[in-house]
Structures are given as structure tokens and as C-alpha cells.
Amino acid sequence: EDRRAALQGRILKVIGPSTDPSVQTLAVAMSLGVRADFSPESLKEAESASLSISEEEISRREDLRAKRIFTIDPEDAKDYDDAIHIEALADGTLEVGVHIADVSHYVREDSEIDREAFRRGTSVYLVDRVIPMLPERLSNEICSLHPNEDRLAFSCIMRVTPEGEVQSHRLVDTIIRSRQRLTYEEAQAVLDEDSAEFSGTEIESDLRLAALLAENLTSSRREQGAINFDLPEVRVVLDENGRPTDIVPRVRLATHRLIEEFMLLANRTVARSLGDLDSRPFVFRVHEHPDRDKIKHLASYVRAFGHELPHENGRVSPRDLNRLLEKVKGSIEEPVIEEAALRAMAKARYAVENAGHYGLAVEFYTHFTSPIRRYPDLVVHRLARRNAAGADPLSYGDLKQMCDHSSERERVATGAERASVRLKQVEYAANHIGDRFRGVVSGVSKFGVYVELERILVEGMVHVRDMEDDYYEYDERSYALVGYHSGKKYRLGDSVIVVLAAARPESREIDLVFYSSRTRKKKSPRRRKR
């Protein structure tokens, strides 16, 4: 065999010119394993689905079209897979309805759409687009809970105390009609008494009641030890050609928390109801205790910032972790420490064996509320219906395969989403070569100093070869680079000013140099060997 023979391959798809920003984003996602195109068979099935609802189907469902049901979603949302309603009852309790798009009515088991959805596992939210799990005919039209249109739903209707304790619940097939589509910003304006449109309306009173319950649910979860990760996020502003023009903080509103709490409540309720049946395999969302060695490393890491994380031989309580996160809130090192704490956690996954959810501090948890964009939610709907009908459960082996595959597809999607944002952050940085940024030292190694830039929340590296004022050596005990002659140190948590020296979108890397009188006129580092 001639080892010099050229390797051969086959072109599978031409996705477009490499200079096109949208093509670059798609290429990054596809290189990580994201499926971009639907099979022709699944698209054909989706197109044949009917938007009309027969009288026979309506008659077998509970009719909730008279309820004041509404949705709250991002401004640019195309699919609305959850809606809520809330009513005060005569005995002082609340009726809370969480209404989820009835995807399982349209996506039958073993259909081509079902097989395609399984292969994808989840929708992928890239920086400039969504690659949906289901064809848009279903995700954006037929299943989506559009306002003032009849839609099929699978509803979790709960009787809840004002403090958030679920006294009873029922899972029921329903037909609903959303009264109002609100964005998070519009709903927040209502709560802030800054909305002329909804002032004095029933929607306003429902929102206020829901917000009060959400606050109590949040307080209750934190008392039980749920970890309060609140990592700052950025939104990349793109022009019409897909090029980044700005990077701004993604603002988290009280209305985000409101919807999150209602979905968490429904997920916990369904998990406890169906997951406590020993004879029927179920799909849990599990989050195990963090690895002991990772916690020891995290404790050592935050100590370098002047903080303590109590732990017993690598075991840390959620409450102690919360105390650390509260302590650093508002500090310059907050995003760095929160990111380090998140990396120390085990990865949440889907499993047939229930291991509880460490981060939420609950024994039973599942995913029920997003079947348009997550395959396990669709399966949980099917399991709930099988249980209600007394039908045979899905097999343990089939569910385990689905859980393992869905967990893997979730990791692929998360990696692609982060890579797409990082790509645009580096593209943005490439337009600011020579500009100064304030940052915090997020990591130190013998190769240099990692700095997270404060405003755009992207990390770059000051290479030791470009630190020309001294010869720097790595001190492993103090996580610091120390100047051999001057004793000057660069340590974790140090606030620094750096100059953007180079940005390479193709590798998604950023080079920085420390700002000084010598860098005022110098826009790129001079390469030299040590």
C-alpha cells in the first residue's frame, strides 16, 4: 500500500461562501455535529398536518378557552410552547395552569418526524438563528400557542397555596385560546406600572398575582437549598449582513423569573406524580453531586480571590455554595467565580434512574414544558398519557437509549451555541484592535495570563512572551505569575487594563497585552522567543 497516496473524500454539502458571516456561523455549528437540514420525508409529513381541529377532538378534551390564558416570551420568539393562567379561589388557594403545546398529538411515535426529532434531540439556538427540532410548519405554526387561535394543549392544572405548596394537581388534554401574547419587556412594564395598554385590566391583575406567587416560589426554593446561578449573559447585536456591531448585557427581568418559576413548578409536580411509580420507567432530569476533586479545586481557586468555600473532603452543601455566590455578587470577579463554580458542577442529564437534582435541591425533577424544542419533554407527555390510559409503559431499554442520546445531543447543542457567540465576540474584537479594555484576571498558567474583558465578557490571553517588562515565572501555590527581578505579580482576581492585540475568528482566539506607557503606541505584540 502506498502511504503517500492522497486521502479521498466526498463532498456532502456546499453551504455557501466562507466569507458570508451566516455561513461561518452555520459551519461552526455543523462542525460540532449539529444537523441543519430536515429529511424530505419529515418535511412532507409536516406539510400534511392540518391546522383545523375536529369537533370530535374538541369534545374529548377539557375546554379551557374561557380561561384568561396568556403567554410571555422573548420579543423575537417564533414558537410559543407554554402558556399560563392563574386564579384566586374562594378558600384562599390559587389555581395555576401551565399549558404546554400538545406536540405528541401531531408527532406520532415512529413517524418520520418523530425519528428526525429524536436524531436532533433539541433545538439549537445559535447567535443568529434557531435550528429547530421540528419543522417550522409544526414548531412555528400548528403547535405554537398563538394568541386568539384555538390550540391543543397538555395542561398541568395545580391547586397551590400562596406560599407555593402544591395541594393537588391534574394532567389533562385541553383545548385553549391564548388571550394575550406578551413579551418579557411588556409584562415587566405592566408590573412596573409603566403600561398604559394594560393598566387596570384583568391581565394586569393576573400578572401581579402570578408575580407574587413567583416571588414566594423563589424564596421557598432558596430556603430548601437551590443554587442561585445567575451568570451574566451578553447579546451580540448583528447588522443586516450578520456582522457584530455591538455586545450588550442581556438584561434579566422579574418576568423571566416568573415564567421560570411556573415551569419549574410544573416540572417538579409532573416528576413527583409520575416518577414515584416504581413499576413504570420514567425520564428524569438528574443533576448529581459535584465531583469531590472539582470542589477541592474550586475552593482553592476562590481562596486566591480572598473567599472561602467550606467543604468536607470535597462535599459542599448547596447552601454554602449559595453563600459564596451571594458574597461575590456585584464584585468585579463575580462572573469569573460564577463561571468557575458552574464548571465544577456535574452536568445535568436525562436518566431512567432517579439521582435527584442537586442544583435545584429536589428529589424529583423532569422536563415537561418544552416539547417543541426538547425531545425528552415529548416522551414525558407520551409517558403521562400511557399512564392515564393504563397502557403498557415504554421499555426501560428504549427510555435509557433515548436519555443517553438526548443528553449527548444537548451537549452538542450547548457547545454549538457557545461557539457561535464566541465567534461573533472575536469578530467584534477584531474591529477593536488597539483599543483598551478593563478586565479581571480569570486564570494564570506558565504560558500567560487569561483576562476576561469586563464589558464584552470574552476571555483573551496575555502571553508570557509579550510581558516584556520582566521575566515572569509561574507560582503554582498562589496561582500567580511573578516577575523574576521586580517581584511584580499577576494573580487571580486582579483588575487590569489590557490592549486588544489580535483576534482570530477562524480559531476563535484573542491575544491581549497589558496596557502601559509602552503600549500606548503599540497595537500588536512583538513576537520573540524566550
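Leaving aside neighbours within four places in sequence, Ser-42 is in contact with Glu-112, Ile-113, Glu-116 and Pro-135, where contact means heavy atoms within 4.5 Å. The model is a predicted one, in which local features need pLDDT of at least 70 and side-chain atom pairs count only at pLDDT 80 or more, whereas totals for chains, interfaces and linings use all residues. Residues are numbered from 1 along each chain as its sequence is written, and side-chain values use heavy atoms, with hydrogens and water left out. Ser-42 lies in helix α2 (residues 40–48); helices (H or I, at least four residues) and strands (E, at least two) are DSSP runs, numbered from the N terminus. With a relative accessibility of 0%, Ser-42 counts as buried, a term that means under 20% relative accessible area, while exposed means over 50% and partly exposed lies in between (1.4 Å probe, protein chains only).

When residues up to four places away in sequence are not counted, Ser-407 touches Arg-349 and Tyr-350. The C-alpha atoms of Ser-407 and Arg-285 are 9.7 Å apart in space, although the two residues are 122 residues apart in sequence.

Two packed helices are described by the angle between their axes and the distance between the axes. Here axes are lines fitted to C-alpha atoms, for helices over the stretch in contact, and angles run from 0 to 180 degrees between N-to-C directions. Helix α13 (residues 375–389) packs with α14 at an angle of about 155°, their axes being 10 Å apart, which makes α13 roughly antiparallel to α14; angles over 145 degrees count as roughly antiparallel, under 35 as roughly parallel, 65 to 115 as roughly perpendicular and the rest as oblique. In this pair, Tyr-375, Pro-376, Val-379 and Leu-383 of α13 meet Leu-399, Met-402 and Ser-406 of α14. By class, this contact of α13 with α14 has six nonpolar, one polar and no charged residues, where Ala, Val, Leu, Ile, Met, Phe, Trp, Tyr, Cys and Pro count as nonpolar, Asp, Glu, Lys and Arg as charged, and the others, Gly among them, as polar.

The axes of helix α11 (residues 318–328) and helix α12 (residues 334–344) come within 9 Å and cross at roughly 160°, so that α11 is roughly antiparallel to α12. Leu-324, Leu-325 and Val-328 in α11 meet Glu-334, Ile-337, Glu-338 and Ala-341 in α12, and by class the contact of α11 with α12 has five nonpolar, no polar and two charged residues.

Helix α8 (residues 202–223) has 22 residues and reaches 32 Å from its first C-alpha to its last, close to the 32 Å expected at 1.5 Å a residue, the expected span being 1.5 Å times one less than the number of residues. The buried residues of α8 include Ile-203, Leu-207, Leu-213 and Arg-221. For helix α9 (residues 254–275), 17 of its 22 residues are buried.

Most residues other than glycine have a negative phi. Glu-193, however, has a positive phi of about 55° although it is not a glycine; Glu-193 is placed in the loop between α7 (184–191) and α8, and counts as exposed at 67% relative accessibility. Arg-508, in the loop between β20 (495–504) and β21 (509–514), likewise has a positive phi, near 60°, and is partly exposed, with a relative accessible area of 27%.
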